[in-house]
Amino acid sequence: MDTASVPGFIRTIFYIILFYYLFKFAMRLLAPYLIQKVAKKAEEHIKKQFEQQQQNHQSASENKEEIPKKDKKVVGDYIDYEEVD
């Protein structure tokens with residue numbers, strides 16, 4: 001069984017720091033591209049929702065025009081009456 005050694009510990013810390021800075025550098029290069037891609041997908045999603053709402057609104061207005069409105073029957077005049085003591 002191997003035991004932990006100081007040079008192995010220092011090498012591990014060095015690799016951790018190296019990967020951290022490489023990741024940080026890569027994110028600086030790739031972050032604008034990734035953000036642009038996410039924004040573009042969100043824009044497409046919003047456009048699709050807007051188009052669906054427009055189609056729903058148009059079909060709803062077409063359906064309203066096809067159904068003839070029923071004439072309200074005139075029942076009588078409205079009479080305002082007062083309470084008598």
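Which residues make the nonpolar surface patch of about 850 Å²?

1. This is a predicted model, in which local features need pLDDT of at least 70 and side-chain atom pairs count only at pLDDT 80 or more, while totals for chains, interfaces and linings use all residues. Residues are numbered from 1 along each chain as its sequence is written, and side-chain values use heavy atoms, with hydrogens and water left out.

2. Of its 85 residues, 0% count as buried, with buried meaning under 20% relative accessible area, exposed over 50% and partly exposed in between (1.4 Å probe, protein chains only). The chain exposes about 9,700 Å², of which carbon and sulfur atoms supply 60%; accessible areas come from the Shrake-Rupley method with a 1.4 Å probe, and for residues only the protein chains shown count as cover.

3. The nonpolar patch is made by V6, F9, I10, I13, I16, I17, Y20 and Y21. Patches take residues with over 30% relative accessible area and no salt bridge, joining like charges within 9 Å and nonpolar side chains (Val, Leu, Ile, Met, Phe, Trp, Tyr) within 5 Å. V6 lies in helix α1 and is exposed, at a relative accessible area of 58%, whereas Y20 is partly exposed at 48%.

4. The count of aromatic pairs is two, a pair being rings of Phe, Tyr and Trp (its six-membered ring) with centres within 6.5 Å, called stacked if the planes are under 30 degrees apart, edge-to-face if over 60 and tilted otherwise. The rings of F14 and Y15 are tilted, because their centres are 6.0 Å apart and their planes at 50 degrees; those of Y20 and Y21, with centres 5.2 Å apart and planes at 75 degrees, are edge-to-face.

5. There is one salt bridge, defined as a side-chain nitrogen of Lys or Arg within 4 Å of a carboxyl oxygen of Asp or Glu. K47 forms this contact with E43, their closest N and O atoms being 3.7 Å apart. The two are four residues apart in helix α1 (residues 6-66), and therefore separated by about one helical turn.
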